[in-house]
Amino acid sequence: MPAEPLRMDLSKIAPDAYRHFLQLEGLIMQHVDRKLLHLLKLRASQINGCAYCIAMHTDEALHDGEPVERLTLLDAWEESTLYSEKERAAFAWIEEVTLIADSGASKPASPSRYSSRWPAVPGICTALTQGSKSPAEAIAACMFETVGEA
């Protein structure tokens, strides 16, 4: 477990929200490569500056066999040769989603920014407005269309 202190315990502060986060996590884990998911969580945590989350996601990635070099260079993924095209597209997507309050979503996600398999950002908004059973299922369904394929 990470050495950094937990900022807040969401399971106690907002148990319903926490339950929905766990539901979304479970749906995503069924369709997204575990190592890629660790990298995405770690990258978002780097952007957000959460020491606890960075430590936790690094520990999880190392436990699942992610090489130290790839974790070390994640913050410079655009310059590194250690990541596949699919991973690069996923990193670009996670950065856009994580920083959406700063810059807004691209209109639409351009092929130069994402590979043809990753038009997810506008799709999430569409999925959320089309009467899915829950927001978690809508987001997961959109991601599965783009993330699930190799």
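**Close-ups of a predicted model**

**View 1. His57 and its surroundings.** The side chains of His57 and Glu60 are joined by a polar contact of 3.2 Å (a pair of N or O atoms within 3.5 Å; within protein, one must be able to donate a hydrogen and the other to accept it, and residues adjacent in sequence count only if both atoms are side-chain atoms). This is a predicted model, in which local features need pLDDT of at least 70 and side-chain atom pairs count only at pLDDT 80 or more, while totals for chains, interfaces and linings use all residues. Residues are numbered from 1 along each chain as its sequence is written, and side-chain values use heavy atoms, with hydrogens and water left out. You'll find His57 in helix H4 (helices, H or I, are DSSP runs of at least four residues, numbered from the N terminus). His57 is buried, with a relative accessible area of 9% (buried means under 20%, with a 1.4 Å probe and protein chains only). Setting aside neighbours within four places in sequence, His57 is in contact with His38, Lys41, Leu42 and Ser45 (contact means heavy atoms within 4.5 Å).

**View 2. Helix H3 from end to end.** H3 runs over residues 34-48, so 15 residues, and it reaches 21 Å from first C-alpha to last, close to the 21 Å expected at 1.5 Å a residue (that is, 1.5 Å times one less than the number of residues). At its start, a side-chain oxygen of Asp33 comes to within 3.1 Å of the backbone nitrogen of Lys35. After H3 comes Gly49, with a positive phi near 70 degrees. Among the buried residues of H3 are Leu36, His38 and Leu40, and their cover includes helices H2, H4, H5 and H6.

**View 3. The largest nonpolar core.** Leu36, Leu40, Leu74 and Phe91 touch the most other members of this 19-residue core (a set of buried Ala, Val, Leu, Ile, Met, Phe, Trp, Tyr and Cys residues joined through side-chain atoms within 4.5 Å). H2, H3 and H6 each supply at least two of its residues, and the largest share, six residues, comes from H3. Leaving out neighbours within four places in sequence, Leu74 is in contact with Leu39, Leu42, Arg43, Gln46, Tyr83 and Phe91.

**View 4. Aromatic rings together.** A search of the whole structure turns up two aromatic pairs (ring centres of Phe, Tyr and Trp, with its six-membered ring, within 6.5 Å). Tyr83 and Phe91 make an edge-to-face pair, 5.3 Å centre to centre with 85 degrees between the planes (edge-to-face means over 60 degrees). Tyr83 is buried at 5% relative accessible area, and Phe91 is buried at 0%. Trp77, Tyr83 and Phe91 form one aromatic cluster.

Methods: Buried means under 20% relative accessible area, exposed over 50%, partly exposed in between (1.4 Å probe, protein chains only). Rings of Phe, Tyr and Trp (its six-membered ring) pair if their centres lie within 6.5 Å; planes under 30 degrees apart count as stacked, over 60 as edge-to-face and the rest as tilted.
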